[in-house]
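Here's a quick briefing on a protein and its ligand.

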Amino acid sequence: MTNARDVSDLSAYMVDFGPLNVPLDLRTPFGNERPVELEIGCGKGLFLANAARLRPGHNFLGVEVMRKYARRAADRAAKLGLENVRVACADARAILSRGEPASSLAALHIYFPDPWWKRKHHKRRLFDERLLIAAERLLAPGGTLACATDVEAYFAVMRGLVATHAAFRALPPEPPKTPEHELDYLTNFERKYRLEGRPIWRASYRFEPPNAVVAPPDAACSHAIEGGS
Ligand SMILES: C[S@@+](CC[C@H](N)C(=O)[O-])C[C@H]1O[C@@H](n2cnc3c(N)ncnc32)[C@H](O)[C@@H]1O
């Protein structure tokens with residue numbers, strides 16, 4: 001039996017950047033000049049959908065390496081008619097290293113990245129020094145870097161890495177919201193872990209490079225908190 005999801009036309013929502021070894025203009029898929037927020041490892045796209053509805057003046061680009069999840073994220077956006085969402089099925093590391101132009105992102109989101117528990121696999125972690133170097137290049141002054149994980153040890157690594165990049169200023173904590181319905185969560189994994197009662201570790205940083213003129217904080221974008229919840 002054919003799965004309806006597999007036959008729906010998602011071409012308006014799926015992005016094919018072509019060869020990932022050439023520069024990739026992250027604004028091109030949207031065809032307008034609105035600020036772009038990038039989520040890497042977007043899974044089934046709950047964050048993209050909720051954030052795109054909350055911030056219709058921003059564009060949201062999700063990158064997900066697993067095609068079935070990338071299509072689920074695109075399908076969710078398509079069903080909601082969210083014209084400000086695009087999903088690329090690609091390795092986020094290539095998108096980060098080849099993304100253009102500099103200072104083009106309003107936010108970079110990374111939620112519940114795979115922890116890769118074994119030490120010999122740590123090099124596969126998405127949140128690493130390379131991500132921060134890319135974030136410094138791609139984020140506009142005043143932009144946001146937001147992350148969350150259920151793995152306290154990984155969170156400590158993330159915070160330690162960010163601490164070595166002086167341009168990232170930790171934003172003050174906000175209490176996690178009380179969900180009003182089953183889709184009222186940050187991401188699918190946030191819902192899963194909160195329902196299991198696991199602590200969640202979150203941080204959000206504002207990119208303030210030296211000598212840059214930084215716009216006032218965008219309250220709608222500065223949502224994550226630092227510390228377990
Ligand atoms: C634990 S899941 C979290 C999904 C989603 N962020 C959430 O919170 O519900 C991690 C996701 O990152 C994706 N991922 C892992 N490595 C990736 C990479 N190199 N590029 C893009 N996505 C990746 C996985 O396929 C998976 O969907």
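How many residues surround the ligand, and which are the closest? There are 18 of them, with G41, E64, A92, Y111 and T187 the closest. Keep in mind that this is a predicted model.

**Where the ligand sits**
- The ligand takes up the space of the largest pocket.
- Two elements, helix 4 (92-98) and helix 7 (188-195), each give two or more residues to the shell around the ligand.

- E64 uses its side chain here: one of its polar atoms is 2.5 Å from a ligand oxygen.
- On its own the ligand would expose 590 Å², and the protein buries 91% of that.

**Cysteines**
- If you're checking for disulfides, the count is zero.
- Take C89: its closest cysteine sulfur is the one in C42, and at 9.3 Å that's too far for a bond, because a disulfide needs the two sulfurs within 2.5 Å.
- Is C89 buried, exposed or partly exposed? C89 is partly exposed, as its relative accessible area is 23%.
- C147, on the other hand, has a relative accessible area of 1%, so C147 counts as buried, the cut-off being under 20%.

Key
Residues numbered from 1 in each chain as written. Predicted model: local features only at pLDDT ≥ 70, side-chain atom pairs only at ≥ 80, totals over all residues. Heavy atoms only, no water. Buried < 20%, exposed > 50% of the residue type's maximum accessible area, 1.4 Å probe, protein only. Near = heavy atom within 4 Å. Polar contact = N/O pair within 3.5 Å; in protein donor to acceptor, adjacent residues only side chain to side chain. Areas by Shrake-Rupley, 256 points an atom, 1.4 Å probe, with all protein chains shown as cover. 1 Å grid on protein atoms, 1.4 Å probe; cavity = no way out; pocket = protein on both sides within 12 Å on 5 of 7 lines; lining within 4 Å. Sits in = over half its atoms within 2 Å of the grid points. Helix = DSSP H or I, 4+ residues; strand = E, 2+ residues; numbered from the N terminus.
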